[in-house]
Amino acid sequence: MDLSSKYFNQIPWRYVDHSTGLEPMQSFAFDDTFSESVGKDLSCNVVRTWIHQHTVILGIHDSRLPFLSDGIRYLTNEVGYNAIVRNSGGLGVVLDQGVLNISLIFKGQTETTIDEAFTVMYLLICKMFEDEDVDIHTHEIEQSYCPGKFDLSIDGKKFAGISQRRVRGGIAVQIYLCVEGSGSKRAAMMRDFYQHALKGETTKFRFPNIDPESMASLETLLNKDIKVQDVMFLLLYALKDLGAQLNMDPVTEDEWQRYEGYFEKMIERNAKMHQKLDL
């Protein structure tokens with residue numbers, strides 16, 4: 001059985017649209033909540049869309065940058081972006097109204113490899129853009145921000161990155177898609193952030209040497225006027241074409257209670273960072 005059939009064909013998926021009205025920390029709390037629901041068989045698989053205003057989502061390694069407070073002050077004071085530390089792996093990524101985030105949440109533990117979980121998302125994205133005359137490649141774009149093995153690129157320019165997190169038997173595979181605006185401008189901002197936060201120091205962990213020209217938006221790469229809302233429709237069409245059975249079941253009372261606990265953990269993690277940095 002191919003992965004598309006295994007994860008989508010005749011499989012129920014619950015669509016949760018969080019494209020408005022949430023703060024970024026709430027999004028990560030919801031993904032943990034739904035991961036636990038799926039892992040405990042309290043919910044079918046979940047596909048969630050989310051969009052956030054001007055925020056840089058930092059990874060755990062970023063939280064150890066030697067001059068992180070200077071980097072965050074650059075983001076907040078000079079370019080008007082907030083910064084939070086997420087609970088999944090990787091490095092800093094940029095979120096704004098032109099970036100669509102998609103989470104695929106399904107059951108799996110040791111039997112589902114990290115690469116298989118990433119590949120499920122990759123196959124979905126390829127299905128979404130199958131009518132475009134482009135090849136989507138998956139390999140690390142070293143000079144992008146948050147480089148990784150499953151960076152998605154067209155003509156050598158990265159437009160998306162994938163991360164994953166495993167909670168209580170559920171797997172959340174999260175992707176950000178740079179749809180609108182300038183991918184290279186976002187990359188230039190992250191390059192400047194690291195310059196402020198590193199100040200040339202050598203660290204045990206090697207942070208990316210970002211080349212803004214290594215990244216671009218889908219709008220640029222496809223050479224067409226494409227909006228985040230268009231890509232959300234492409235997602236739903238792709239799921240339907242793959243045979244997924246979609247519903248829009250609301251958040252349950254039990255999920256709201258567990259969400260409060262996960263949200264509190266996100267608040268505490270970020271409060272500790274701000275306290276440590278005296279921000």
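Me: What makes β6 and β10 (residues 170–178) a pair of strands?

Reply: Pairing takes at least two bridges between two strands, and β6 and β10 have 9, running in the antiparallel sense, so they qualify as a pair. One place to look is Ser 103, which stands opposite Gln 174 in β10. Keep in mind that this is a predicted model.

Me: Which other strand is joined to β6 by bridges, and in what sense?

Reply: That is β2 (residues 45–50), joined to β6 by 5 bridges and running antiparallel. Here Trp 50 has Asn 101 of β6 as its bridge partner.

Me: Why is β6 (residues 99–107) described as mostly covered?

Reply: A residue is buried when its relative accessible area is under 20%. In β6, 8 of the 9 residues are buried.

Me: How do you know whether Ser 27 is buried or exposed?

Reply: Its relative accessible area is 0%. The cut-off for buried is under 20%, so Ser 27 is buried. You will find Ser 27 in helix α2 (residues 24–39). Leaving aside neighbours within four places in sequence, Ser 27 is in contact with Leu 22, Arg 48, Trp 50 and His 52.

Me: What makes β4 and β5 the edge strands of their sheet?

Reply: The open sheet has 3 strands in the order β4-β3-β5, with mixed pairing. Both β4 and β5 (93–95) pair on one side only. β3 and β4 pair in the parallel sense over 4 bridges, and Thr 55 has Asn 82 of β4 as its bridge partner. On average, neighbouring strands of this sheet are turned by 25° against each other, direction ignored.

Me: Which residues of α3 are buried, and what covers them?

Reply: In helix α3 (residues 68–78), the buried residues are Leu 68, Ser 69, Gly 71, Ile 72, Tyr 74 and Leu 75. Their cover includes β3 (55–58), β4 (82–85), α5 (183–198) and α8 (253–277). After α3 comes Gly 80, with a positive phi near 75°.

Me: Which residues touch the most other members of the largest nonpolar core?

Reply: Among its 50 residues, those are Tyr 145, Phe 193 and Tyr 194. α5 gives this core its largest share, 7 residues. Apart from it lies another core of 44 residues, including Ile 171, Ala 216, Met 232 and Leu 242.

Me: What is Phe 193 in contact with, leaving aside its neighbours within four places in sequence?

Reply: Phe 193 is in contact with Leu 58, Leu 65, Leu 68, Gly 71, Ile 72, Tyr 74 and Leu 75.

How values were computed:
Residues are numbered from 1 along each chain as its sequence is written. This is a predicted model: local features need pLDDT of at least 70, side-chain atom pairs count only at pLDDT 80 or more; totals for chains, interfaces and linings use all residues. Side-chain values use heavy atoms; hydrogens and water are left out. Buried means under 20% relative accessible area, exposed over 50%, partly exposed in between (1.4 Å probe, protein chains only). Helices (H or I, at least four residues) and strands (E, at least two) are DSSP runs, numbered from the N terminus. Contact means heavy atoms within 4.5 Å. A nonpolar core is a set of buried Ala, Val, Leu, Ile, Met, Phe, Trp, Tyr and Cys residues joined through side-chain atoms within 4.5 Å. Axes are lines fitted to C-alpha atoms, for helices over the stretch in contact, and angles run from 0 to 180 degrees between N-to-C directions.
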